[in-house]
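Please look over the structure shown below. The briefing that follows goes through it topic by topic.

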There are 2 protein chains.
Amino acid sequence: MRNIKLTIRYDGTNYAGWQSQRNAKTVQQVLESALKKITGERVKLTGAGRTDSGVHAKHQVANFKTRSSLPLERIKIALNSALPNDILIITMEEASKRFDSQRCAKLKHYRYTVTTSRFVDPFIRHFVARFSYPLNISSVRRAANQLVGKHDFGAFKAQDGGERNTTVRTIKKIRVEKKSNLIYIDVWADGFLYNMARIIAGTLLEIGRGKLPENRIKEMFVKKERRLTGPTAPAKGLCLMKVEY
Amino acid sequence: MRNIKLTIRYDGTNYAGWQSQRNAKTVQQVLESALKKITGERVKLTGAGRTDSGVHAKHQVANFKTRSSLPLERIKIALNSALPNDILIITMEEASKRFDSQRCAKLKHYRYTVTTSRFVDPFIRHFVARFSYPLNISSVRRAANQLVGKHDFGAFKAQDGGERNTTVRTIKKIRVEKKSNLIYIDVWADGFLYNMARIIAGTLLEIGRGKLPENRIKEMFVKKERRLTGPTAPAKGLCLMKVEY
């Protein structure tokens with residue numbers, strides 16, 4: 001069996017997220033059904049990050065096993081030809097037998113993009129969330145720095161997001177940048193709980209507008225209660241930028 | 001009567017162009033109907049560039065006359081609130097009585113964006129045209145330089161694009177740039193005939209792939225026959241960047 005690794009870019013606007021589900025169009029399903037036509041096999045894709053409905057990916061990583069002997073480049077072109085124009089295969093390569101895009105991921109980078117402008121630039125409207133209050137960027141940055149490190153992020157996961165194992169994750173780095181009227185919150189972590197990237201963004205924004213105090217972060221780590229953190233920021237501002245192995 | 005000048009940005013993907021027409025949604029109509037609700041008057045907008053169906057604008061300019069005494073900022077906010085999120089008013093200012101966005105325009109800048117990649121980046125798919133052949137950029141550039149100056153662009157206008165007056169226009173500057181896998185053709189002219197920007201792009205691309213000879217340009221100017229120039233390049237690659245007065 002070959003094990004094939006893909007890097008995938010998608011505009012998530014018109015999808016109910018990455019993961020297959022009944023009665024909704026997802027990126028995984030669209031890819032699997034295209035791969036079935038190409039390889040003639042029922043293919044099971046494993047994705048590195050289960051992006052939510054409306055979340056985008058610049059470089060999502062996935063892998064699948066196949067008995068097909070088609071050359072890589074031919075699968076890639078056939079796949080890109082079959083896919084709708086909001087999903088694109090960027091790279092395709094042979095991976096070792098043991099490679100699993102989800103379990104082997106060492107570092108994931110998500111970017112949250114938000115503007116406090118009253119109206120959003122039409123050209124990037126699907127990729128930017130709007131926040132209705134003025135933000136103190138220094139305050140956002142100070143709070144962000146408190147998130148860096150190994151912590152229990154139980155307060156930063158969706159309540160319905162069942163987690164089999166631990167809710168401890170390590171954030172390696174957070175960067176908060178303002179470029180003209182866009183604010184980028186970049187988070188690098190060894191893993192993200194369900195909705196964690198969006199709850200981090202929502203929490204930092206509430207702190208930035210002065211609604212939550214900066215020093216509340218420690219309490220969130222200790223008490224692990226979802227009600228202590230900010231709202232889940234809108235999906236369209238989030239993009240999975242890179243997965244490292 | 002006040003004369004109000006607007007700068008407007010729009011993603012033209014879902015519009016049948018700028019100009020009002022029956023049975024189709026156009027940018028002008030959407031703006032006029034929003035302005036009617038705000039001012040209580042039937043407003044007639046004059047646009048600087050009649051962008052075609054699917055063509056975008058970064059800074060379209062328009063003006064309208066009104067008896068409304070509402071403050072500018074209030075009209076702007078009300079208008080942006082009423083508009084769909086693919087149209088945005090960037091600036092709004094009082095203009096002199098004689099200002100006419102179309103007749104007073106001195107210089108227009110259009111950008112054509114194209115890629116020769118087999119597949120287009122999903123994030124910018126509505127703003128980039130795909131060209132299926134390899135391009136010799138130096139050849140495109142040499143041909144572009146021949147277009148600069150005051151010429152009869154009769155061969156560069158749609159055959160059905162009735163022109164009341166002369167087909168002589170002056171191209172002040174053309175720039176052809178390649179950045180990673182995108183090619184930008186920027187054209188600055190005192191005016192554009194119907195479809196002229198797209199026929200220029202189509203002609204330069206045919207020259208760049210070696211289908212039309214570089215030295216055919218002179219003949220186009222002399223004979224003024226549409227059949228001598230290249231095809232009309234797809235609308236989605238074109239964007240009205242700026243209008244100067």
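**Briefing on the predicted model**

A:N195 is buried, as 21 other C-beta atoms lie within 10 Å; a residue is called buried if 20 or more other C-beta atoms lie within 10 Å of its own, exposed if 12 or fewer, and partly exposed in between, with C-beta atoms placed from the backbone. This is a predicted model, in which local features need pLDDT of at least 70, side-chain atom pairs count only at pLDDT 80 or more, and totals for chains, interfaces and linings use all residues. Residues are numbered from 1 along each chain as its sequence is written, while chains are lettered from A and ligands numbered from 1 in the order in which they are written.

**Positive phi angles**

- A:N195 has a positive phi of about 70° although it is not a glycine.
- A:N195 sits in the loop between β9 (182-189) and α4 (196-208) of chain A; helices (H or I, at least four residues) and strands (E, at least two) are DSSP runs, numbered from the N terminus.
- B:K224, also not a glycine, has a positive phi of about 55°.
- The loop between α5 (216-223) and β10 (238-244) of chain B holds B:K224, which is partly exposed, with 17 other C-beta atoms within 10 Å.
- Most residues other than glycine have a negative phi.

**The two chains**

- Chain A is superposed on chain B by a rotation of 180° with 0.0 Å of shift along its axis (RMSD 0.0 Å), by least squares on the C-alpha atoms of residues with pLDDT of at least 70 in both.
- This is the relation of a two-fold axis.
- In chain A, the C-alpha of A:I124 is the nearest to the axis, 4.5 Å from it.
- Between the chains, 14 residues of chain A are in contact with 14 residues of chain B; contact means that the C-beta atoms of two residues, placed from the backbone, lie within 7 Å.
- On the side of chain A that touches chain B, β1 (2-10) and β4 (87-95) of chain A each supply at least two residues.
- That side has seven nonpolar, two polar and five charged residues; Ala, Val, Leu, Ile, Met, Phe, Trp, Tyr, Cys and Pro count as nonpolar, Asp, Glu, Lys and Arg as charged, and the others, Gly among them, as polar.

**Domains of chain A**

- Chain A is divided into domain 1 (2-95) and domain 2 (107-244), with bounds that come from an automatic or database domain assignment.
- The centres of these domains, taken over C-alpha atoms, are separated by 27 Å.
- Their contact takes 15 residues from domain 1 of chain A and 12 residues from domain 2 of chain A.

**Helix α2 of chain B**

- Helix α2 (residues 72-82) of chain B has B:I75, B:K76 and B:L79 as buried residues.
- Seen down the axis of α2(B), the buried residues fall within an arc of 100°, so they line one face of the helix; the arc is that of the directions from the helix axis to the C-beta atoms.
- Exposed residues B:E73, B:R74 and B:S81 are on the face turned away from the buried side of α2(B).
- The cover over the buried residues of α2(B) includes α1 (27-39) and β4 (87-95) of chain B.

**A buried loop residue**

- A:F156 lies in the loop between β7 (149-152) and β8 (168-179) of chain A.
- A:F156 counts as buried, with 30 C-beta neighbours inside 10 Å.
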